[in-house]
Amino acid sequence: HKKVYHNHMIRSTENQEKKFYIVNGGDWEASVLSKDAIDAAASGLEEAFKEYGNSLVLGNCLTVTNASDVQHQEPDSIEIDIFYVPSILSDIGKNELASQLDIILRNNEKKLDKPKTT
């Protein structure tokens with residue numbers, strides 16, 4: 001049975017310091033109030049660790065969407081940033097996990113790059 005947290009976030013639109021961002025990590029997403037996209041990536045990843053702990057599935061990248069400005073933007077100009085998960089893990093102090101994941105991702109990359117011999 002999954003716990004549901006109702007974490008209502010509200011901001012005054014006069015407050016231009018922080019904006020809402022949606023952080024997507026593949027099979028989870030978080031909405032966070034942050035000053036910029038990289039800060040949002042770190043906060044979102046921390047939230048995901050709080051929620052899922054060691055069962056958190058990590059891919060190679062996090063997608064961060066600026067949700068605060070969405071209503072004022074054309075669909076093709078919505079701000080989306082993509083961050084490499086190991087660098088964000090380092091930002092939140094999970095250095096060992098960052099280097100382990102980095103090695104795994106690089107090895108997978110090498111396997112994909114090898115020409116297939118039939």
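Visitor: What covers the buried residues of helix 1?
Guide: This is a predicted model, and in it the cover over the buried residues of helix 1 includes strand 1, strand 2, strand 3, strand 4, helix 2 and helix 3.

Visitor: Which residues of helix 1 are buried?
Guide: They are A37, A40, A41, A42, G44, L45, A48 and F49.

Visitor: How far apart are the end C-alpha atoms of helix 1?
Guide: They are 22 Å apart. That agrees with what you'd expect, because 16 residues at 1.5 Å a residue should span 22 Å.

Visitor: And what follows helix 1?
Guide: G53 does, and its phi is positive, near 55°. Further on, the loop between helix 1 and strand 3 also holds G59.

Visitor: Is G59 buried or exposed, or something in between?
Guide: G59 is partly exposed: its relative accessible area is 30%.

Visitor: What is G59 in contact with?
Guide: Leaving aside neighbours within four places in sequence, G59 is in contact with V85 and L101. There's also G26, which is 33 residues from G59 in sequence, while their C-alpha atoms are 6.7 Å apart in space.

Visitor: Let me switch to helix 3. Which of its residues are buried?
Guide: In helix 3 the buried ones are A98, L101, D102 and L105. They cover an arc of only 110° around the axis, which puts them on the same side of helix 3.

Visitor: Why would residues a few places apart point the same way?
Guide: An α-helix has 3.6 residues a turn, so residues three or four places apart point the same way.

Visitor: What do those buried residues of helix 3 pack against?
Guide: Strand 4 and helix 2. Turned away from that buried side is a face of helix 3 with the exposed residues E96, I103, K110 and K111.

Visitor: How many residues does helix 3 have, and how far does it reach?
Guide: Helix 3 has 19 residues and reaches 27 Å from its first C-alpha to its last, close to the 27 Å expected.

Visitor: How many bridges join strand 3 to strand 4?
Guide: Five, and those two strands run antiparallel. C61 stands opposite Y84 in strand 4.

Visitor: Which residues of strand 3 are on its covered face, and which on the uncovered one?
Guide: L62, V64 and N66 make up the covered face of strand 3, whereas C61, T63 and T65 are on the uncovered one.

Visitor: Zooming out, how do the elements run from the N terminus on?
Guide: The order is β-β-α-β-β-α-α, which comes to three helices and four strands.

Visitor: How many residues does the protein have, and what share counts as buried?
Guide: There are 118 residues, and 28% of them count as buried. The accessible surface comes to about 8500 Å², with 52% of it belonging to carbon and sulfur atoms.

Visitor: Last one: what is the confidence like?
Guide: The mean pLDDT is 86, and 90% of the residues reach 70 or more. Confidence is highest in helix 2, at a mean of 97, and lowest in helix 3, at 90.

Technical notes. Residues numbered from 1 in each chain as written. Predicted model: local features only at pLDDT ≥ 70, side-chain atom pairs only at ≥ 80, totals over all residues. Heavy atoms only, no water. Buried < 20%, exposed > 50% of the residue type's maximum accessible area, 1.4 Å probe, protein only. Pairing = 2+ DSSP bridges. pLDDT = per-residue confidence, 0-100. Expected span 1.5 Å × (residues − 1). Arc of directions from axis to C-beta. Contact = heavy atoms within 4.5 Å. Areas by Shrake-Rupley, 256 points an atom, 1.4 Å probe, with all protein chains shown as cover.
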